[in-house]
Amino acid sequence: MAGTALAPMDEHWMRRAIEVARSRGSDPSTSPLGCVIVLDGREIAAERNQTQDLPDATAHAEMMAIRRACEGIGEMELRGATLYSTLQPCGMCTMASIWSKVGRVVYGAGRDDVHPMYFEARHVDTLSFITDAYRDDITIEGSCLRAECAKLYYPPDADLPRDEQANL
Ligand SMILES: [Zn+2]
């Protein structure tokens, strides 16, 4: 489903997601990705990327936040919740958003604002996962505090050593 307009509270919650992203430093080498899940105006999860800490390749901020949110409310489904992510969710996290039944996904920086290392596939448009979902009660919107969020990440043209490129 096509996105609706950003709501006034969206910037507030995205600022919170940025704060979570920066909780262990804001250098791009620390993978500062943050995610907040809000239900009925209340934060039910706030998680940072934890892939290296755990270590767990699936421990993206959105995956961890979905897990904590479900545990917190004791439900498998997060209907009516909004998931805020500082960066456009990858394919895994977009699909996890669909499966977890969140109602809205709002992200900050988009795919074109950052280095390709943040995405798993060259050309797959993960936004179409949402529009193509069987569910018709989920929306995705980007560019919420886009510039602030983009500053957390390696820019599109960064000349990164291979070791820093997470997707290779
Ligand atoms: Zn992800």
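The model is predicted, so local features need pLDDT of at least 70, side-chain atom pairs count only at pLDDT 80 or more, and totals for chains, interfaces and linings use all residues. Residues are numbered from 1 along each chain as its sequence is written.

Let's start inside. A nonpolar core is a set of buried Ala, Val, Leu, Ile, Met, Phe, Trp, Tyr and Cys residues joined through C-beta atoms within 7 Å. Buried means that 20 or more other C-beta atoms lie within 10 Å of a residue's own, with C-beta atoms placed from the backbone. The largest nonpolar core here has 43 residues, and Ala17, Val36, Ile37, Ala65 and Tyr84 have the most contacts inside it. Elements giving two or more residues to this core include helix H1 (8-21), strand S1 (34-39) and strand S3 (82-87). Helices (H or I, at least four residues) and strands (E, at least two) are DSSP runs, numbered from the N terminus. In soluble globular proteins, nonpolar side chains tend to be buried together.

Now for the backbone. Most residues other than glycine have a negative phi, and most peptide bonds are trans.

The peptide bond from leucine 54 to proline 55 is cis, with omega near -20°, and proline 55 sits in the loop between S2 and H2.

Key. Buried ≥ 20, exposed ≤ 12 C-beta atoms within 10 Å, placed from the backbone.
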